[in-house]
Amino acid sequence: MVTKINSLSFFLSLLLLFSLSIAKTPPRPRAFLLPVTKDAATKQHLTVINQRTPLVAVKLTIDLGQRFLWVDCEKGYVSSSYKPVPCGSITCKRSLSKGCVESFVGSPSPGCNNNTCEQSPYNPFIRTSTIGELAQDIVSLQSTDGSNPGKFLSANGVVFDCAPSFLLEKLANGVKGIIGLGNGYVGFPTQLANAFRVPRKFAICLSSSTTSKGVIFFGDSPYVFLPGMDVSKRLVYTPLLINPVSTAGSYFKGEPSTDYFIGVTSIKINGNVVPINTTLLNITKDGKGGTKISTAEPYMKLETSIYNALTKAFSKSLAKVPRVKPVAPFKVCYKRTSLSSTRVGPGVPPIELVLGSKNATTSWTIWGANSMVAVNNDVLCLGLVDGGVEFEPTTPIVIGAHQIEDNLLQFDIANKKLGFTSSLLFGQTTCANFNFTSKA
């Protein structure tokens, strides 16, 4: 009998300890966040991540479709947790690398190791790439419940690429690399999803202001902005499409694109269909065609025939408003005082991107705040750029950063769909209204 009582007591003690250990274990975060600022000089959208051992704050330019994170390892990269990715490793193979770095001489250092996986970091602002070594290091990110910032948590082995200092040319002042949010195994969103075990999705909300912060969420919603609005409830969804051929500035043969494409089937101005060659809107087997979203392009870039048709229709709908002398790179400009003001920007005709199949009613509407650009205090211009008959990459519609400011976009990589809100100004909030100051 004594033995049975002791055994029962021992079992109950273990059960109590187990319960206490569970109670002390904090719940796994649903999401993480990064603040986003807009650089006044370059119009690039920037963020800061904490990387290395000891942690260093690294300022980066955001490139929505780029394949991976890359940083300057040539000047001042010091970290005891830095690890080059070996040639032939699983990580190297999943990055789709077909190269191996084996020509360095001298003492090994970050960016200079033999038998390492080769990748090509790319700077879209100077359209230049070079050879770099793929590596892994610690990254620390701030968690969030979707309403407030929480604790910082660290993940080891986050993949990035080492680049030389010259590749920083034309990046914003103080920037040390580019954070690639592209749809690929070594893209930053997938890296974080694997490291922190959060859903493979992210949401980006760029502020139009150069003095207020926007935000990127990695993981699940809600996405709550002041005054207490969960903007995830405003999301409308459309499929994300895969381009079978890379549209990156540098890549290995056979790579699919890591850019985010959506299925625009037609364009309307003031509800009227713009006559364009719709065959250009289909993605071909050789990677041409389609519509992608980019933060590297500051403004919507269109193939010449689409540009001409769209600007003609837009101008016709404002025929009673006198135009003024164009201001490069724009061709359709108006005196600011000639246009009315609305909740969603200048009172101009909405541009409607019709999405999905021919019978679909889903559309992304671009209102005045996202279609017009204030080039100075007196002049507003239609923020579209003529990309030429065949520009690189050969994508006829590229939705630029200006068009997505104060819109929340959720890229659900796992489920291959894009959620979009159109302008948050309709909801009387902006991307600058996430509360970064409160503690969870």
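**Exercise 1. Find which ring the charged end of Lys417 sits over, and how many Å from its centre.**

Solution. The charged end of Lys417 sits over the ring of Tyr237, 4.4 Å from its centre; a charge counts as sitting over a ring if NZ of Lys or CZ of Arg is within 6 Å of the ring centre and within 35 degrees of the ring normal. Next, take Lys213, which lies over the face of Phe436, at 4.5 Å from the ring centre. The model is a predicted one, in which local features need pLDDT of at least 70 and side-chain atom pairs count only at pLDDT 80 or more, whereas totals for chains, interfaces and linings use all residues. Residues are numbered from 1 along each chain as its sequence is written, and side-chain values use heavy atoms, with hydrogens and water left out.

**Exercise 2. Classify the aromatic pair of Tyr82 and Phe160, and state which parts of the chain the pair ties together.**

Solution. A search of the whole structure finds 17 aromatic pairs, where rings of Phe, Tyr and Trp (its six-membered ring) pair if their centres lie within 6.5 Å, and where planes under 30 degrees apart count as stacked, over 60 as edge-to-face and the rest as tilted. Tyr82 and Phe160 form one of these pairs, with 6.0 Å centre to centre and 75° between the planes, and the pair is edge-to-face. Tyr82 lies in the loop between strand E4 (70-72) and strand E5 (83-84), while Phe160 lies in strand E11 (residues 149-163), so the pair ties together parts that are 78 residues apart in sequence; helices (H or I, at least four residues) and strands (E, at least two) are DSSP runs, numbered from the N terminus. Finally, Tyr82 counts as buried at 12% relative accessibility, and Phe160 is buried with a relative accessible area of 0%, given that buried means under 20% relative accessible area, exposed over 50%, and partly exposed in between (1.4 Å probe, protein chains only).

**Exercise 3. Carry out the classification for Tyr299 and Phe330.**

Solution. The ring centres of Tyr299 and Phe330 are 4.9 Å apart and the planes stand at 80°, so the pair is edge-to-face. Tyr299 lies in the loop between strand E21 (291-293) and strand E22 (300-302), and Phe330 in the loop between strand E23 (323-324) and strand E24 (333-335), so the pair ties together parts that are 31 residues apart in sequence. Tyr299 is buried, at 16% relative accessible area, and Phe330 is buried, at 4%.

**Exercise 4. Describe the disulfide of Cys92 and Cys117 by its S to S distance, handedness and placement.**

Solution. The search of the whole structure finds five disulfides, each being a pair of cysteine sulfur atoms within 2.5 Å. One of them joins Cys92 to Cys117, with S to S 2.2 Å. The torsion about the S-S bond of Cys92 and Cys117 is about 80°, so the disulfide is right-handed. The pair links distant parts of the chain, with Cys92 in helix H2 and Cys117 in strand E7 (residues 116-119), 25 residues apart. Cys92 counts as buried at 5% relative accessibility, and Cys117 counts as buried at 0%.
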